[in-house]
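Visitor: I would like to go through this model by question and answer.

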Amino acid sequence: MSERQELSIGSPAAARVVWNPRAASGVQASARTRRGAVQRKALIQSLVGAVAGAVLFHFGRHTLAYVAFVIASLMLATALISPLGLHARLTRWIEAFGRQIGKLFTWILLVPFFFLFFTLFGRALRSGKRDKLERRFDRSAESYWRQRPVKTPALSDYERQF
């Protein structure tokens, strides 16, 4: 079988030669590029952590400031030593911990807020005498039918429909 026949239209070999979406779009990055990106991201995260620690230290929260400094230093050190190994694993653990804290605070804060805010205001609005939507049944009314005002449509009504 010649090379020409092997790369005929519709063959898997021809598809591999013609279509490589990762190489075409530049998605496939080298390990050096990924390592550099992780290290830059860790450097920015460490700077943010150090600034947070400095702010906490300024306001007298020394213990929390030291914790922020230690976490920022640990993240930077792991990114410099092993960006695709230890740092990646540590980042996954911290992200998982953050998701769990987010779920916890969702239940602690949003559920009471819902019941205090929406339930109380809903009951207060329903107990009021005003009914803006006119949902209550009016026994004295002959009919709920309302005559629509007769209006001859102008050309501008057709041009601006909404």
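Visitor: How many helices and strands does the protein have?
Guide: The model is a predicted one. From the N terminus on, its elements read α-α-α-α-α-α-α. The secondary structure therefore comes to 7 helices and 0 strands.

Visitor: What share of the residues in the protein is buried?
Guide: A residue is buried when its relative accessible area is under 20%. Of the 162 residues in the protein, the share that is buried is 12%.

Visitor: Is Ala 42 buried or exposed?
Guide: Ala 42 sits in helix H4, which spans residues 31-58. Its relative accessibility is 0%, so Ala 42 counts as buried.

Visitor: Which residues is Ala 42 in contact with, leaving aside its neighbours within four places in sequence?
Guide: Contact requires heavy atoms within 4.5 Å. With those neighbours set aside, the contacts of Ala 42 are Met 75, Leu 76, Ala 79 and His 87.

Visitor: How far apart in space are Ala 42 and Pro 83?
Guide: In sequence, 41 residues separate Ala 42 and Pro 83. From C-alpha to C-alpha, the distance between Ala 42 and Pro 83 is 8.8 Å.

Visitor: Which helices each supply at least two residues of the lining of the largest pocket?
Guide: The largest pocket holds about 220 Å³ of space. Its lining includes Gln 45, Ala 68, Met 75 and Thr 91, and the lining residues divide into 6 nonpolar, 4 polar and 1 charged. The helices that each supply at least two of the lining residues are H4, H5 (62-81) and H6 (86-127).

Note on methods
Residues numbered from 1 in each chain as written. Predicted model: local features only at pLDDT ≥ 70, side-chain atom pairs only at ≥ 80, totals over all residues. Heavy atoms only, no water. Helix = DSSP H or I, 4+ residues; strand = E, 2+ residues; numbered from the N terminus. Buried < 20%, exposed > 50% of the residue type's maximum accessible area, 1.4 Å probe, protein only. 1 Å grid on protein atoms, 1.4 Å probe; cavity = no way out; pocket = protein on both sides within 12 Å on 5 of 7 lines; lining within 4 Å. Points joined across faces, edges and corners; volume = space filled by probe spheres on them. Nonpolar A, V, L, I, M, F, W, Y, C, P; charged D, E, K, R; others polar.
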